[in-house]
Amino acid sequence: MTALPLAPGLRRLTAPNPSLMTAEGTNTFLIGDTDIAVIDPGPASEPHLRAILAALTQGQRISHILVTHSHLDHSPLARPLAHETGALVLAAGPSDWGRSAAMQALADDGLIGGGEGVDAAFAPDAQLADGAAVEGDGWRITALHTPGHMANHLSFAWGDALFCGDLVMGWSTSLISPPDGDLTAFRASLRRLMTRADSVYYPAHGDNIADPQARCAELLAHRAGREAQILAALAPGPATPATLTGRIYTDIPAPLLPVAERNVLAHLIDLVERNKVSPEGRLSARARFHLN
């Protein structure tokens, strides 16, 4: 596997983990000409580890390992890569870091799992605060806290480019899977990115996004449309997330229905917090919800 040049000082390797959730696989980015910053080392894959190391040319060293978030397709290779190179692993925090009080309550109630899977053992060597800068020979990368897809999700700004992890993708919408995914935070992160002047996004799956502000606006509109569908589907009476998913998602492959149900649940939690719907009894993935 050869690293693909994308811009001066930037190359991409794609991990061998293609799926319905990851497109061709997880994108690993290498920034720099001497000191190399690796963004999202990827899943536990010995061939991918060897490919990252083989991408180094004479005089190059991996100086920093940056992780956008700790899902199993992004972070497990960070520790083996650190062991091979001596570089520090940098991220917002461990996998349970940054949850809202509502999401932590759901986690405490056993609402764990679903979606891509969380790297529960992940722990960075150092935590990056919002706005923290990391520097190497000839480059500077700034961390932006962009929760939503996961609470510990970071994006990384490099010049006029943004490495946006799983927050924004061109080929698909992002999975929001509570308690780690939070739709309220997701929308806020998109609105924050729209205030910036980045000229290109490099997502962790799929190709780069050449009109990033427009894509953020599309994703916000998509979520508004999905919310309207959920509210309409609740009009006849109370329903569970599973029932609502069956009513709304009528044209997706069956293997994706559990993923869609997590997204519906994320919308319902957001609607509960905005007092537009209520659960019957305790808030959970199995509760029936009704309009207020």
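How many strands form the open sheet, and in what order? In this predicted model, seven strands form the sheet, in the order β1-β2-β3-β4-β5-β6-β7. The pairing is mixed. Strands β1 (4-7) and β7 (126-127) are the edge strands, and each pairs on one side only.

Within the sheet, β3 (residues 27-31) pairs with β4 (residues 35-39). The sense is antiparallel, and three bridges join the two strands. I31 has A37 of β4 as its bridge partner.

Two helices contact these strands. Helix α1 (residues 46-54) packs on the sheet. Helix α1 touches β2 (10-14), β3, β4 and β5 (61-66). The direction of α1 makes about 160 degrees with that of β2. Helix α2 (residues 78-85) lies across β4, β5 and β6 (88-91). Its direction runs at about 155 degrees to β5.

Salt bridges were examined next. The structure holds 15 of them. One joins the side chains of D35 and R61, with an N to O distance of 3.1 Å. D35 lies in strand β4 and R61 in strand β5, so this pair ties together parts 26 residues apart in sequence. D35 is buried, at a relative accessible area of 14%. R61 is partly exposed, at 48%.

A further salt bridge links K276 and E227, whose closest N and O atoms are 3.7 Å apart. K276 sits in the loop between α7 and β13 (277-279), and E227 in helix α5 (residues 212-234), so the pair ties together parts 49 residues apart in sequence. K276 is partly exposed, with 37% relative accessibility. E227 is buried, with 9%.

D270 and R274 also form a salt bridge, and their closest N and O atoms are 2.6 Å apart. D270 is buried, with a relative accessible area of 3%. R274 is partly exposed, with a value of 36%.

Finally, L256 was considered. L256 is placed in the loop between α6 (241-248) and α7 (257-273). Neighbours within four places in sequence aside, L256 is in contact with L20 and M21. L256 and T28 are 228 residues apart in sequence. Their C-alpha atoms are 25 Å apart in space.

Methods:
Residues are numbered from 1 along each chain as its sequence is written. This is a predicted model: local features need pLDDT of at least 70, side-chain atom pairs count only at pLDDT 80 or more; totals for chains, interfaces and linings use all residues. Side-chain values use heavy atoms; hydrogens and water are left out. Two strands pair if DSSP finds at least two bridges between them. Helices (H or I, at least four residues) and strands (E, at least two) are DSSP runs, numbered from the N terminus. Contact means heavy atoms within 4.5 Å. Axes are lines fitted to C-alpha atoms, for helices over the stretch in contact, and angles run from 0 to 180 degrees between N-to-C directions. A salt bridge is a side-chain nitrogen of Lys or Arg within 4 Å of a carboxyl oxygen of Asp or Glu. Buried means under 20% relative accessible area, exposed over 50%, partly exposed in between (1.4 Å probe, protein chains only).
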